Structure formats: C-alpha cells, structure tokens
Amino acid sequence: MIEWVHPGLIFVVAALILPLFNTALQKIGLLLVPIAAILSVAVMTTGTYGEFNFANVFLVIGKVDKLTLVFAWVFTFMAFIGSLYSLHIKETSQHVAAYLYIGSALGVVFAGDWFTLLVSWELMAFASAYLVFASRAEAATKAGFRYLLVHVTGGVMLFGGIVLHGLETGSFIFGPLTTESGQWGGLAFTLVLVSFLLNAAVPPLNAWLTDAYPEATVTGAVFLSAFTTKTAVYVLIRTFPGTEILVGLGVAMALYGVIYAVLENDCRRLLGYHIVSQVGYMVAGVGIGTEIALNGSSSHAFSHIIYKGLLFMGAGAVIQMTGRRKLTELGGLYRTMPWTVFLYMIGAFAISAFPFFSGFVSKSMVIAAAAGDGRAATVLLLTVASSGTFLHTGLKLPYYMFFGKDCGLRPSDPPLNMLLAMGIAAILCIGIGVFPNLLYALLPYQVDFVPYTAAHITGSLSILMFTAVGFVLLLKYLDPENTVSLDTDWFYRKGARLFMWFAENPVSWWEKIISNLSDTVILRLLARTARDSLNIDIKGVDAIVNGVAHAALRLGATARRLQTGIVTHYAAAMIFGLFVCITFYSLIWLE
Amino acid sequence: MISKLVGFFGDAKFSRLRRRTLITVLLVIVVADFLVARDHGEFFWDDLPLWWAVFGFLSCVVIIIVSKAIGHQGRIMRDEDYYD
C-alpha cells in the first residue's frame with residue numbers, strides 16, 4: 001500500500017501521457033485524473049513525505065499540515081470543475097498545459113523546501129503562459145510574452161532571495177521569513193516578498209494579471225483565475241504572517257481593483273480587477289497575522305477560487321457563444337441564456353458576500369479579524385470594497401452583459417459540460433455558505449467565529465441592497481465606455497517602446513557616427529600608416545638589409561680574390577702578421 | 001422556471017413590480033436592522049442601526065464618482081487603440 005501520493009505528480013504524469021490517447025479516452029481521463037487527485041487528498045494525513053537528498057540539498061516534496069490541505073482540497077476541486085468545463089476542447093496541448101499548471105501549483109502547496117518551491121513556481125509560470133498563447137490572437141501572443149517576462153523576472157528575484165536566505169541561515173527548509181517586530185527584513189526578505197507580491201498581483205505589480213487573463217482562451221482563463229494568485233496567498237501565509245506592510249497593501253489593492261472595475265469595458269478584465277480586489281482581503285489577513293486572520297485568508301482563498309471560477313466560466317460562456325467580450329457590444333442575452341445568467345448570479349452573490357453564499361462566511365472572517373485587532377480604518381475601507389464588489393460583479397457586469405440595451409444577439413446557453421461545471425461550482429458556493437462548518441473544519445486554526453448573527457445578516461444586507469439603490473440611481477453614469485484603462489503595464493509597454501526608440505535612434509545614431517568616423521578618419525589614417533610603413537619597409541628596412549647583404553657579398557668577392565691558392569703567399573702573409581703582432585705587443589710592454 | 005425567474009429581472013413588463021419588490025426588501029432590511037440584538041461591539045457604529053445602510057449607499061456613490069473622475073480627469077481612460 002502506497003503511503004502517500006503527491007496529487008501534483010498525478011497531474012504532471014497525466015499531462016505527459018495524455019497526448020498518447022485518442023480524444024474519447026482523453027475525455028475520460030480529464031475527469032478521472034482530478035478525481036484521483038481529490039481522493040489522494042482525501043486519504044492524506046498530516047506529516048512529511050517524499051524527503052530525499054539531491055546534490056547535498058535536502059528536498060521535501062510533501063510537507064502536509066492543515067494549511068496545505070485547505071489549498072490541496074480547493075485546487076483539486078477546481079481542477080475537476082475546470083476540466084469538466086474544458087471537456088469539449090479538442091486541442092490536447094491546452095489540456096496538457098492546464099494539467100502541468102495545476103500540478104506545479106500543487107507542487108508549491110506541498111513544497112517543504114525552497115528549491116522544490118522554486119522549480120514548481122517556474123513551471124507554473126510557463127505552463128500558465130501557454131493558456132494565454134493558446135488563444136492564438138496577435139493581442140494574446142503579445143500579452144502572453146509580457147506575462148512571461150514579468151513572471152520570469154519575479155522568478156529570478158525569488159531565486160536570488162532563496163540563495164541569499166540559504167547563505168545567511170544555512171537552511172533551505174521552507175518556512176517563515178518574518179522578522180520578530182513584523183517590520184521589514186534584509187535583502188533576502190525583500191526579494192522573496194516582492195516576488196510573492198508580484199504573483200499575488202499586488203499593485204503596482206498587478207498589471208500582468210489584468211493584461212493577460214482576458215486574452216487567454218475561454219477555458220484557460222478559468223484555470224488562470226484560480227491558481228497563480230492563490231498559490232501566492234498560500235506562500236505569503238507560510239512566510240510572512242504578521243508583516244505589517246501587507247495590511248496597507250491588501251486594503252489598497254482591494255480598493256484599486258474596485259476603482260479600475262468601474263472604468264472597464266472588457267468583461268473578463270473587469271473580473272480580473274476583482275481578483276485583485278478580492279486577493280486584497282487575503283493579503284490584508286496575512287498582514288494582520290492573528291489566528292482568525294490567517295483562517296480568514298485561507299477560507300477566503302477557498303471560497304474565492306470557486307466563485308471566481310464560476311464568474312469566469314459565466315463570462316467565458318458568453319464569449320464562447322457570442323464571440324464578443326466588450327460590455328458595449330453585449331446586452332439582452334438573458335432571453336436565450338437563462339441558465340448562464342442564473343449560475344453566474346450565484347457566483348456574483350457569493351463574491352458579494354450575500355448571506356448563505358460562500359463569500360459571506362469567509363470574507364467576514366477577515367473583516368472580523370481586523371475589527372478584533374482594533375483596526376477601524378481597515379474595517380471601513382474593506383467594507384467600501386465590498387460595496388464595490390457587488391456594484392460591479394453583481395450589478396454592473398450582469399446588467400450590461402445579460403440585461404440592459406439589447407445587442408440583438410440570440411445565443412443559446414453553452415454546451416452541457418460547461419453548464420454542469422458551472423452548476424457544480426454554484427452548488428459549492430451555496431453549500432459553503434449554508435454549511436460553513438464544513439469549510440471551517442479544514443482551516444489551520446481552531447475556529448470560534450460565528451458568521452450568522454442577526455446583526456451581521458442585516459448589516460451585510462443593508463450594505464448590499466443600499467449599494468443596489470446607488471446603482472439604480474446612478475445607472476446612467478455607469479454606462480461602459482469604449483476605452484482602455486492605463487495601468488502599471490504602461491511602464492513596460494511604453495517603456496519597451498522607449499527602449500526600442502532608444503535602440504533605433506540614439507544607439508543607432510551613435511553606431512552610425514562611429515562607423516562614419518572609422519570609414520573616413522580612422523580607415524584613411526590606417527591606410528596612410530600602412531602605406532608609410534610599407535615605404536619604411538621598402539626604403540628603410542629593406543634598404544638596410546639589402547645594403548648589408550650587398551656589402552657582405554662584395555667583401556666576400558674581395559676576400560675570394562685574396563685566396564690565391566699559392567702556399568708561399570699564405571706563408572708570407574702569416575710572417576707579416578706575426579711581425580705586426582710582435583711589434584705591437586713589444587711596444588705596449590716596453591712602455 | 002429558471003427562464004421565468006431570469007425573465008422577471010429582464011422583461012420590461014415587470015419593471016413596476018421589480019421596483020416595488022426592491023422597496024419592500026429595503027424596508028424589511030431597515031426595520032430588521034432596528035430590531036436585531038446587538039452585542040456591544042468593537043466600534044461605535046456596531047451599536048447604530050442604519051449605519052451600514054448609509055455607509056453602503058455612500059460607498060457606492062463615492063466609488064462611482066471617484067473612479068470616473070480618476071478615469072476621465074486623471075487621463076486613465078484612453079482610446080482602445082492607445083497601445084497599437
């Protein structure tokens with residue numbers, strides 16, 4: 001009996017063998033694999049599994065505690081829902097990418113050491129980017145490359161942070177980096193935190209999300225909405241609980257998403273801004289760092305994955321059936337897409353935190369944590385964001401997409417598999433809302449929070465229904481406009497142009513000047529120097545060499561003439577020489 | 001049944017009924033907010049009925065006005081071909 005199976009590994013192995021089967025078998029596999037993964041989580045007990053030593057680094061691919069299990073449950077549930085939703089897709093590569101993406105996200109959740117985390121983190125970036133590229137439009141390809149570049153940058157920062165942390169502490173065991181005071185730490189702390197904040201889409205590092213997700217395939221966006229930001233929330237809970245700056249950042253991003261959602265015309269980009277907004281509650285919860293706050297972040301991540309998946313499935317169904325994505329071009333679809341409207345609205349009530357829907361039991365936990373910590377401003381600002389959430393996801397988007405001005409299209413509801421997937425997500429949204437203790441039992445800490453008090457119910461309904469009053473009164477100011485909103489991706493989209501302009505203008509001018517200079521001045525100078533040195537060579541060096549040779553030749557000829565061959569001549573010469581020597585030395589010695 | 005439910009929110013013939021339903025729901029919530037038991041909470045507003053109704057309405061209005069102001073006056077909203 002195998003003691004433990006890594007659910008992420010199930011997806012990765014399935015991704016590798018999926019292309020070997022025909023479409024019919026693939027469809028069966030697409031449903032069975034997530035079920036196998038859910039079962040592997042169901043039988044799992046807390047503990048440490050899959051430890052081994054790789055090149056003197058101690059790797060742990062299966063560290064399981066209660067927090068791990070919360071995310072493992074919801075990731076595998078969402079994998080099943082997403083697979084069912086994309087069952088009709090015949091392009092195997094999209095399924096492979098989705099499975100690798102889910103598998104690597106689970107790899108992060110189970111990682112017990114920083115290296116396993118890093119490898120899973122990088123694989124997640126590449127696999128998810130494919131879901132953007134797969135829609136094949138030019139805009140998608142461009143957005144996909146931007147997405148990839150941003151995430152690779154984040155990955156490099158994480159790598160740097162991990163190496164520095166390892167050098168400082170001598171350990172690669174994945175665990176908290178928080179400083180005792182909850183304040184900012186050193187360089188390793190900063191690099192890891194920033195790379196996590198990037199994946200959590202915390203402004204100003206948020207734009208990759210709202211840039212890329214709306215360009216992904218209809219089914220790909222459903223997976224994207226679930227995993228990347230929530231693995232980031234998971235690692236933040238693990239490493240940075242109680243880091244004070246996260247409270248401010250979380251509140252800011254909750255409002256940031258709401259403000260941009262007012263301006264947005266693309267239905268899935270609007271939902272993307274509400275991922276930013278909702279993840280803000282989770283990030284703030286991590287920053288508060290108390291047990292109830294971390295419970296709130298975990299449970300809100302759980303609820304959020306399901307209802308946001310449902311909302312993306314609803315918007316995706318509209319895009320699939322109409323081919324349109326802008327609110328200005330949609331409207332009046334409720335007549336022929338009633339099931340889509342109905343199921344979408346369940347997701348909308350869940351994200352807006354209506355009583356008896358999932359958001360109510362999880363979001364309120366974060367707000368209660370802020371109140372319990374005496375943070376009045378955090379409570380009020382997060383409540384403003386709640387009002388904005390209902391305003392956009394529950395009122396504006398469905399109004400302009402399904403009701404409002406009739407766009408004249410009469411599309412039917414999407415295929416059955418898509419509706420069933422939405423139906424399962426909807427059941428979960430209501431199930432969690434009605435039976436919150438099922439979710440609370442999974443949470444890392446003991447829960448003694450009661451969501452259903454009379455005052456909480458009337459208070460929440462007051463906020464929501466009076467938001468609806470504001471919507472009705474100000475409807476004419478909310479009409480979507482045919483515009484794009486500048487976000488922080490402006491810096492690298494326009495920045496890349498500046499870079500290209502810089503390369504094409506100043507750099508290329510400089511290059512031209514240098515090459516002109518070398519053509520005119522330097523080359524001529526070189527040619528002249530070469531000519532001169534040739535002259536020196538010919539007239540100087542050669543002349544000397546030749547002169548010496550000629551002289552030696554002449555001397556040889558003269559010497560040759562001296563060789564008469566007659567012995568008496570030689571004897572006379574020797575005697576003459578001897579005479580000269582004797583005279584010379586006797587003169588010296590006589591001195 | 002689902003078609004009828006969804007149709008209630010879309011069809012023009014129900015618009016008066018929709019308005020009446022909304023007003024009824026609002027009244028029920030307001031009355032209930034006065035009647036519910038309140039434990040003494042963390043902040044002063046936890047003891048105030050109607051606080052969240054006013055807060056929710058004002059939040060909605062402020063979000064719309066501030067966002068549109070940022071979008072238009074802050075030059076955040078641009079033509080669709082801005083990046084092309």
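Two residues are in contact if their C-beta atoms, placed from the backbone, lie within 7 Å. The model is predicted: local features need pLDDT of at least 70, side-chain atom pairs count only at pLDDT 80 or more, and totals for chains, interfaces and linings use all residues. Residues are numbered from 1 along each chain as its sequence is written, with chains lettered from A and ligands numbered from 1 in the order in which they are written.

**View 1. Chain B against chain A.** In chain B, 38 residues are in contact with 43 residues of chain A. At least two residues each come from α1 (2–10), α2 (15–35), α3 (51–72) and β1 (77–79) of chain B (helices are DSSP runs of H or I, at least four residues; strands of E, at least two; numbering is from the N terminus). α3(B) gives the largest share, 15 residues. The chain B side holds 25 nonpolar, six polar and seven charged residues (nonpolar: Ala, Val, Leu, Ile, Met, Phe, Trp, Tyr, Cys and Pro; charged: Asp, Glu, Lys and Arg; polar: the others, Gly among them).

**View 2. Strand pairing between the chains.** Strand β3 (residues 483–485) of chain A and β1(B) run antiparallel, joined by three bridges (strands pair if DSSP finds at least two bridges between them). Ser485(A) stands opposite Met77(B).

**View 3. Helices α11 and α12 of chain A.** The axes of α11 (residues 267–288) and α12 (residues 291–322) of chain A come within 9 Å and cross at roughly 175 degrees (axes are lines fitted to C-alpha atoms, for helices over the stretch in contact; angles run from 0 to 180 degrees between N-to-C directions). α11(A) is therefore roughly antiparallel to α12(A) (angles over 145 degrees). Contact residues include Leu271(A) and Ile275(A) of α11(A), and His304(A) and Leu311(A) of α12(A). By class, the contact has 14 nonpolar, six polar and two charged residues.

Key
Parallel < 35°, antiparallel > 145°, perpendicular 65-115°, else oblique.
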